Amino acid sequence: MLPTENCQTQVFVVSDTTLPFTLKRGSAYRFKMTVNGSMTAVPSFTVGNGDVLKTQFVAKVGNDYYFRVWAIGTPGTSTGVYTTLPGRECTAALYGGRWLSTG
């Protein structure tokens, strides 16, 4: 993920996930966020609706930050997943995660 036009910067976050995804209730998905241009910047990671996905920090390896989301909401609900860096006014939206229960 690259910064938006109105938020050009030398420090930015790239996500390994840029397309919508589906999760069954109770299952998890892991995101990898890579910070470019800084050895000290730590990205924040959140979802638009915490009743749909629960977030968890997993690990930091070099400039890579790993986060996990757990599907906890009502089947058929959806939410967006977002990241930003400290001191930045812009927030990069990852494609919204949509998950459905199949059972």
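Two residues are said to be in contact when heavy atoms of one lie within 4.5 Å of heavy atoms of the other. In this predicted model, Ser38 touches Val11 and Asn63 in that sense, once residues up to four places away in sequence are left out of account. Ser38 itself is placed in the loop between E2 and E3, and although it belongs to a loop, its relative accessible area is 14%, which is under the 20% limit, so Ser38 counts as buried. The side chain of Ser38 also reaches the backbone nitrogen of Thr40, at 3.1 Å.

The protein chain has 103 residues, of which 36% count as buried. Its accessible surface comes to about 6,000 Å², and carbon and sulfur atoms account for 52% of that area.

In soluble globular proteins, nonpolar side chains tend to be buried together. The largest nonpolar core of this model is made up of 18 residues, and the members that touch the most other members are Phe31, Met33, Val35, Phe45, Leu53 and Val69. Two or more residues are given to this core by each of E2, strand E3 (44–47) and strand E5 (64–71), and the largest share, four residues, comes from E5.

Aromatic side chains form a further theme of the structure. In total, six aromatic pairs are counted. In one of them, the ring centres of Phe21 and Phe31 lie 5.7 Å apart while the ring planes meet at 70°, and because this angle is over 60 degrees the pair is classed as edge-to-face. Phe21 is located in the loop between strand E1 (12–15) and strand E2 (28–36), whereas Phe31 is part of strand E2, and the pair therefore ties together parts that are 10 residues apart in sequence. Phe21 and Phe31 are both buried. A single aromatic cluster is formed by Phe21, Tyr29, Phe31, Phe45, Phe57 and Phe67; Phe31 and Phe45, which belong to this cluster, are also among the core residues that touch the most other members.

Technical notes: Residues are numbered from 1 along each chain as its sequence is written. This is a predicted model: local features need pLDDT of at least 70, side-chain atom pairs count only at pLDDT 80 or more; totals for chains, interfaces and linings use all residues. Side-chain values use heavy atoms; hydrogens and water are left out. Rings of Phe, Tyr and Trp (its six-membered ring) pair if their centres lie within 6.5 Å; planes under 30 degrees apart count as stacked, over 60 as edge-to-face and the rest as tilted. Buried means under 20% relative accessible area, exposed over 50%, partly exposed in between (1.4 Å probe, protein chains only). A nonpolar core is a set of buried Ala, Val, Leu, Ile, Met, Phe, Trp, Tyr and Cys residues joined through side-chain atoms within 4.5 Å. Accessible areas come from the Shrake-Rupley method with a 1.4 Å probe; for residues, only the protein chains shown count as cover. A polar contact is a pair of N or O atoms within 3.5 Å; within protein, one must be able to donate a hydrogen and the other to accept it, and residues adjacent in sequence count only if both atoms are side-chain atoms.
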